[in-house]
Amino acid sequence: MRTQLFIDGRWTTPLEGGSFDVLDPATGKVIHRAPAATAVDVDAAVRAARRAFDEGPWPRMKGAQRARYLRAMAASVRRRLEELATLEVLDNGKPLPEARWDIGDVAGCFEYYATLAEELDNHDIEPIALPDPRFVSKAVREPLGVAGAIIPWNFPLLMAAWKVAPALAAGCTMVLKPSELTPLTALELGAIAQEADLPAGVLNIVTGLGPDAGQPLSEHPGVDKLAFTGSVPTGAKIMASAARDIKNISLELGGKSPFLIFEDSDIEKAVEWILFGIFWNQGQVCSATSRVLVQDALHDRLVARLVEEARKIKIAPGMTEGALLGPLISHGQFLKVRAAIDTACTEGAKLLCGGVRPLGLEQGYFMEPAVLVDVPLDSQAWREEIFGPVVCVRRFDTEAQAVALANDSRFGLAAAVMSSDDERTERVASRLRAGIVWINCSQPTFTEAPWGGYKQSGIGRELGRWGLDNYLETKQITRLVDDKPWGWYIK
Ligand code: NAD
């Protein structure tokens, strides 16, 4: 485990010498002390990224050359898959198969953006047809500059890859600030960059607390673009910092995503996808379908099966064979989720199962998966993100009512709809105000498809070609090709 920051291609000790505890959520024990960057380290990292962008070869290379580095990084991630997945379990708590899946996706993300970097060489110049024959014009796509990336703890290395891979593919340089709750695998990305011989300063990694390292990064005048994933309140602060210098910004924030289940759905499939939609990664998923709306005729039978299956989920430390639900990320998160359940009950919801520490798991931050029904529409549980293994269920009568209930939220990250009537699912999908809509499933995520939210769930899109566009500027170059005098001032 790394004890230094990665700045300008070298491992460096924080200038003010600080460090912070990293805990294993399965035991609550300190497993490491990570380097705590402060404003001076962030400044050094931004200066390194600035030099690499302004003077270095990176933004001027062909996309195909950058792609070779990205492929080398992907290969290194694949070589270390088991080691990185284990580190992710230790740091985040998630079950090992989920961590392996994440790390495989990290490698896939670097490979995907390597291909897009290659393709950029053929698509970076677009001729523009003008109505005036005296001019010819073209639009050129260029890297945006130095990007600052600030990310959360729920998919530690994957959230890093979603930003690092497209930024580097586009020709940007980057300073990455991982969450203080999960700094371990992000720091390994420094070693992976070294193994790939990435030019110094192209990728810099500063671990530290939000106000000490994240805030100076978001406020640094040397940063051209801020890419943030995290909570709405922090996103608002980042947007305010960006506003001061008119920095380009993309935000991936929270959600309270609905899952609409119509009465003609297969009940077993519905239960399986509800479980996957909310209990995967302990429910700590921005796109988790935490509000489930079930049509009247199916509601009672479905809720009974849901509770039955939720009770069977194997809760254990992430390294345990067969574990399907690990600990929550921290004691603070455990208390927050517990408080949200208590509030829901005082506001009129009924807790059918879960929400308590499982017997035999006295250490760490484990919680049994919770099913809440009859959740009032104006309750906090229905309206606010809980970010834990808690599903809120309500019944609905008509399609119009279901769509209205689904859209009645300040969030709009994701939504899901299940029915055996394809026309209905397409119609409902088009009416849902969300950036991602799943039909007959919930959560499967592909690097190729756009990711991001409507309303307070964010601004901009990651992944796919939209993810690359996040890190590109568009420049017009217009040439006068006519020899005749312009004749405006000088006749
Ligand atoms: P958070 O907002 O508390 O922290 C996110 C990051 O911001 C961390 O690295 C933190 O250190 C940093 N930070 C904190 N204060 C800061 C400040 N003042 N200035 C700059 N940086 C600061 O979020 P979290 O608890 O780590 O993550 C959970 C949230 O992330 C949830 O709301 C979840 O929905 C959201 N999320 C969204 C997506 C998405 O794609 N939309 C994906 C994952 C998580």
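Helices (H or I, at least four residues) and strands (E, at least two) are DSSP runs, numbered from the N terminus. By that rule, Thr 173 falls in strand β8, which covers residues 173-177. This is a predicted model, in which local features need pLDDT of at least 70, side-chain atom pairs count only at pLDDT 80 or more, and totals for chains, interfaces and linings use all residues. Residues are numbered from 1 along each chain as its sequence is written, and side-chain values use heavy atoms, with hydrogens and water left out.

**The ligand and its shell**

- A residue is near a molecule or strand if one of its heavy atoms lies within 4 Å of it.
- There are 28 residues around the ligand, and those that come nearest are Lys 177, Glu 180, Ser 231, Leu 253 and Glu 385.
- The shell is made up of 13 nonpolar, 10 polar and five charged residues. Here Ala, Val, Leu, Ile, Met, Phe, Trp, Tyr, Cys and Pro count as nonpolar, Asp, Glu, Lys and Arg as charged, and the others, Gly among them, as polar.
- Three elements each supply at least two residues of this shell: α7 (210-219), β10 (225-229) and α8 (232-245).
- A polar contact is a pair of N or O atoms within 3.5 Å; within protein, one must be able to donate a hydrogen and the other to accept it, and residues adjacent in sequence count only if both atoms are side-chain atoms.
- The side chain of Trp 153 has an N or O atom 2.9 Å from an oxygen atom of the ligand.
- On its own the ligand has 850 Å² of accessible area, and the protein covers 90% of that. Accessible areas come from the Shrake-Rupley method with a 1.4 Å probe; for residues, only the protein chains shown count as cover.

- Two strands pair if DSSP finds at least two bridges between them.
- β7 (residues 146-150) runs parallel to β10, and four bridges join them. Within this pair, Ile 150 is opposite Phe 228.
- β7 also pairs with β8 in the parallel sense, over five bridges. There, Val 146 is opposite Thr 173.
- β10 runs parallel to β11 (residues 248-252), and five bridges join them. Thr 229 has Glu 252 as its bridge partner in β11.
- Buried means under 20% relative accessible area, exposed over 50%, and partly exposed in between (1.4 Å probe, protein chains only).
- Five of the five residues of β10 are buried. Lys 225, Ala 227 and Thr 229 point one way from this strand, while Leu 226 and Phe 228 point the other way.
- β7 is likewise mostly covered, with five of its five residues buried. Val 146, Gly 148 and Ile 150 lie on one side of β7, and Ala 147 and Ala 149 on the other.

- Thr 173 counts as buried because its relative accessible area is 0%.
- A polar atom in the side chain of Thr 173 is 2.8 Å from the backbone oxygen of Ala 49.
- Contact means heavy atoms within 4.5 Å. Leaving aside neighbours within four places in sequence, the contacts of Thr 173 include Ala 52, Phe 53, Trp 58 and Gly 201.
- Ser 257 is in the loop between β11 and β12 (258-261). Its relative accessibility is 1%, so Ser 257 counts as buried.
- Not counting residues up to four places away in sequence, Ser 257 touches several residues, among them Cys 286, Arg 291 and Leu 413.

- Pro 131 lies in the loop between β5 (125-128) and β6 (135-143). This proline counts as exposed because its relative accessible area is 83%.
- From C-alpha to C-alpha, Pro 131 and Gly 208 are 54 Å apart in space, and they are 77 residues apart in sequence.
- Asp 374 is in the loop between β15 (370-373) and α12 (380-383). Its phi is near 50 degrees, a positive value in a residue other than glycine, and its relative accessible area of 38% makes Asp 374 partly exposed.
- Lys 455 lies in strand β20 (residues 454-455). The phi of Lys 455 is near 50 degrees, again positive in a residue other than glycine, and Lys 455 is partly exposed at 35% relative accessible area.
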